[in-house]
Amino acid sequence: MEIGQVEKIGKEIFESLSESDSLENLDQVRLRYLGRKDGVITQLAKNLKTFDIDQKRLIGPLVNNLRSLIEEFVKEFKRGGRISAIEVLLSAVKLEEGKSLLFEKFEVSVDSLTDSRSENESKKFIDLTIPGKKIPIGHKHPLVQTTEELIEILTRLGYSVAEGPEAELDYFNFEALNIPKDHPARDMQDTFYISEEVLLRTHTSPVQIRVMKSQEPPVKVIAPGKVFRCDADVTHSPMFHQIEGLYVDKNVTFSDLKGTIETFISEIFGPEFRVRLRPSFFPFTEPSAEIDISCDHLANGNWMEVLGAGMIDPAVFEAVGYDPEEWSGFAWGLGVERITMLRYGISDIRLFFENDLRTIRQF
Amino acid sequence: MLITLKWLSEFLQLEKVDNAFAVVLSEELLLSGLETEVVEVNKLDSANLVIAEIVSVEDHPDADRLKLCVVNDGVNERRIVCGAKNVSPGHKVVVANPGFIFPNGQKIKNTKIRGVSSNGMICSEKELGIGEDQSGIMVLSKDCKIGISPDEVLGLEDPVLDISITPNRSDCLSVLGVARESSAILEKKIKIPEVVVKDESISVDKKIEVLNPDDCPRYTARAIFDATIGDSPDWLKARLRSSGMRPINNVVDITNYVMFTLGQPLHSFDLDRLRGEKIIVRRWKQEDSEFVALDGKKYDLSEDDLMICDSGGPIALAGVIGGVNSEVNQDTKNILFESAHFSPSCIRKTRRKIGLNTEASYRFERGVDPNGTILAINMAVELTRQLTDGKISSTVLDVYPVPIKPVTISLRLDRVANLLGINFTVEEIKNLLEPLSINCLKEKKDSIVFEIPTFRPDITREIDLIEEIARRKGYNTFPSSLPRTSKPPKSRSKRRSIENCSRDAMIHSGFDEVINYSFVNSSTLEILGADLDKIVSLKNPLSSEMSSMRTTLLSGLLQNVSLNLNHGQRSIKLFEIGKTFEKDEKLPLEFLEMSAVLVDSESILLWTDGTSPGGDSPLPKDIFTLKGSLERVLEFLNFPSLDFENAKPDSISPYEFGSYAKINLNDRQVGEIGHIKKSCLDYFGIDQELSSFEINLDFISKEDFSIKRMEELNRFPESYRDLAIVLDKKIPNSSIEAVILEAAGDILSSIKLFDVYHGTNLENSNQKSVAYTLVFNNPKRTLKDEEVNKAFDSIVCDLSSKFGARLRS
């Protein structure tokens, strides 16, 4: 047996494998070479022992390589189809380069193999730089998104959601909150009236009163909702949204208020935000505070007002029948629009209620 | 409130009164509760400004309106062409030299105006940025030095603080008040100016009579004779201007200046115009003649309003505004100053009723120190004497029947600790409060009694003192803690779950969420079929466009559709969840509703290559897509089911006749669905077909919701049969399906409509063809063909007998 003959067989195998375009075809090729009885390679392997030692050393490994090449090709063809199987041939050629000259002598055209590969590729080619197909779904209003997120944070802190009417009695909106009829604090809130006693609530605070009147302490609620004030410009809307928080229990302190607000701000805006409290005035809390936040990457690091808060005024406890000596608590309120404007960089509050789809669909 | 740092420094003797210190102080004031900002002044290029005197004025040879002025700036005389009418030789004026740059960037140059050279400009108040007056040049006092910078005279280098005072801190509505607060912060003693009144023994033959001491606990007055009314000196004008007040004449300016300095509003009467011997403080009477105020307006008054009167009737509306009949004018010689204390609620009532907010009423409403009237009136008369050479009467008229004394408050140490979370010692508390003139009267082991100065009417309770302690300590020095709550949170309310679930379902169906104002104009509601008697209206709307509480969410949604169509949107699917309102006995009824609209317009939402599956699939855009979104909501809610009942809309309904259904739940209407009629669409300027639904979520939330139960999977094969029938167009699908279900028995597991056809291929135009896929299955065994055929035949038979339906060939 001449080495040249084996090389010739090898070349045939390469050609047959690369031309096989179906499993049936391939099976015939496999049978021809690896058939148990008269497969060409099978026969060759059987006859190896008749060769002299030098021939054995040359031909033996070659025969084994060809056998495993066919087996691997078949395996890969079944798994990944013809294109991946061709890769087996290509890598076999490469693998042997430098190691043995034998495969070179098969004179297999690597080019033809690569051609066949690229032909196959172009058939299957898809351009994945084309945009994906988004099945259209709707968009939640940005204010609703903020509200939902705030509620989610606050319920994790143990608050339950409470609700109250938007058209409210003067008593709940003002009187019970320690804002009697001739109190100058009424000027802080320009009120829409429906009748002498009925108005559109100017804040979500009347919900505090309704909740406390309807249950015994401890109380831990938030009240999200629409509120109304006669005011309209770039930063004021006659209708806007607030979320109010109320916590009443034994031994609640100003430090608890501070800690709660800080935790809450860090959850909404992120831990990199600084929080500052400064004294302010609300008739229904004492001490009262405005809460400012700042952050290096927003508004030049300037402080921005985001929240009002305070310890519940004893007069409010008296109005709802809680003993201010026994119970203490705090309340806070924030404007959802303001938070949303800060977070998304929206400069005009009126955009929220214009409902231009070009705006809403950005969120 | 605007005050300047130098003014403040008169009480505090500050070492520095520059802008940098103003910034530091404003930050400190802010953190102690006075929201303060340093006013950003447009820095004037004051190096190029000089005080000069007009030497001569001639007419411009070539222009009627221009004058040629020669001015002396202390070094040279030069010519300036000027357009102002009030130029006159001898006037001291501010001249901008060539090279001066205005805040707006404009630069003064040597130039020729109509052939005459002009070297600079004579400035008006407006041009200097210190006032609004641009009617003529600004004329300074005669005694001004020429050749120097006007900085001092104009107060240009004095930083201005803008302070927003919360309603409780009336004590800070003055330079004195802010100085008190600053003195505590800066730990610097305050010096209240001592006023030495150089009076003469001239008596005043007037008596004060206060008939309503509750409204007017104190009335103080003092007279000055032989005063000369004229312009105020430049320093006084500058002070008032920096506080945003317009200088008027020396006497009026003095009352304003003292009010800004001490917080006590003053009024000045022309003493010679007061009739009779008495000044009476009393409520308005029916027989009083009409009252004309200083602003020239007549006000409608009643017995609730407190008046200052002479024997002839009202001469001032107490604490709000004076009357023209006693006004100080150019001819006034003898003046009576009033420095009174009025009750806040009395002033507020009047102010609100007549809608007139003055600097005086603003302060009285919030509370003024009743024990400050004397200092204020003395400062006013003495300053008047100095500026007008008048003679001060030695008589001080002061009616103060029940002097208001400082209140005392007992403060419990454990109460402070319980509320603030910090244990303070007696000493610490005293050190915090005493700089505010809140002094300790008695000291016990567990409590302290404090005396509250009468200029702090906001401190009446223990809690008010606790706030002062927290404020003085500094909110940001408190430790932070989280409360240890003893309260487990409640579960989410059903109504909220329904709202959230419905919203999610609508978003999934491709609808964008909107939020509209709860108020609209009433004619919009009328167009949409609202019952006018049930509309809730606002008494004081911002505009008629926002005057009525909405009765339907469609009012906003249709406006949104119109806006978005105008912006060229072609696919518009919107929904809103919100409240509608209906008039009721006391509070209006509020309903939580959800409404959606869909516009039938062609749209390609995805790109397409013609073959790619789904790429070109047109999304269904008709009313059934809308209905499908509502069905998805019910699916999300696992809601039993709603009945859709084809119906005729009311004549006032916004819905189109023929394509309308009521949505019922247990025989109660909870919503409606249909096409909006053309007349409505026209009103909103919508030129596309539009369908909508409205549903009341409150009604739905009253239902019981079950938790989903897993259904056994079919273990036996299903049999399919298609059923296509022709029958009368008007027979509703719901009836057909009911008959099919009834006739099939329990082996029919589902019915799916797959085709509806009305058209020319049918014999009769009143007919329609409908086709269903019927799925048969028996959970216990494999169905035989005969069983299915039998059931199918029985369906066909029943449909034929009930509706005259026939199988489509």
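Biologist: How are α20(B) and α21(B) oriented to each other?

Modeller: Two packed helices are described by the angle between their axes and the distance between those axes. Here, helix α20 (residues 733-744) of chain B and helix α21 (residues 785-803) of chain B pack at about 135°, axes 8 Å apart, and are therefore oblique to each other. Axes are lines fitted to C-alpha atoms, for helices over the stretch in contact, with angles from 0 to 180 degrees between N-to-C directions. Under 35 degrees is roughly parallel, over 145 roughly antiparallel, 65 to 115 roughly perpendicular, and the rest oblique. Helices are DSSP runs (H or I, at least four residues) numbered from the N terminus.

Biologist: What should I know about the model itself?

Modeller: It's predicted: local features need pLDDT of at least 70, side-chain atom pairs count only at pLDDT 80 or more, and totals for chains, interfaces and linings use all residues. Residues are numbered from 1 along each chain as its sequence is written, while chains are lettered from A and ligands numbered from 1 in the order in which they are written.

Biologist: Which residues of α20(B) meet α21(B)?

Modeller: In α20(B), B:Ile736, B:Val739, B:Ile740, B:Ala743 and B:Ala744 do; their partners in α21(B) include B:Ile795 and B:Leu799. Contact means C-beta atoms, placed from the backbone, within 7 Å. That contact divides into eight nonpolar, one polar and two charged residues. Nonpolar covers Ala, Val, Leu, Ile, Met, Phe, Trp, Tyr, Cys and Pro; charged covers Asp, Glu, Lys and Arg; the others, Gly among them, are polar.

Biologist: How many residues does each chain put into the contact?

Modeller: Chain B gives 76 and chain A gives 68. On chain B's side, helix α13 (residues 462-473) supplies the largest share, six residues.

Notes:
Two residues are in contact if their C-beta atoms, placed from the backbone, lie within 7 Å. Helices (H or I, at least four residues) and strands (E, at least two) are DSSP runs, numbered from the N terminus.
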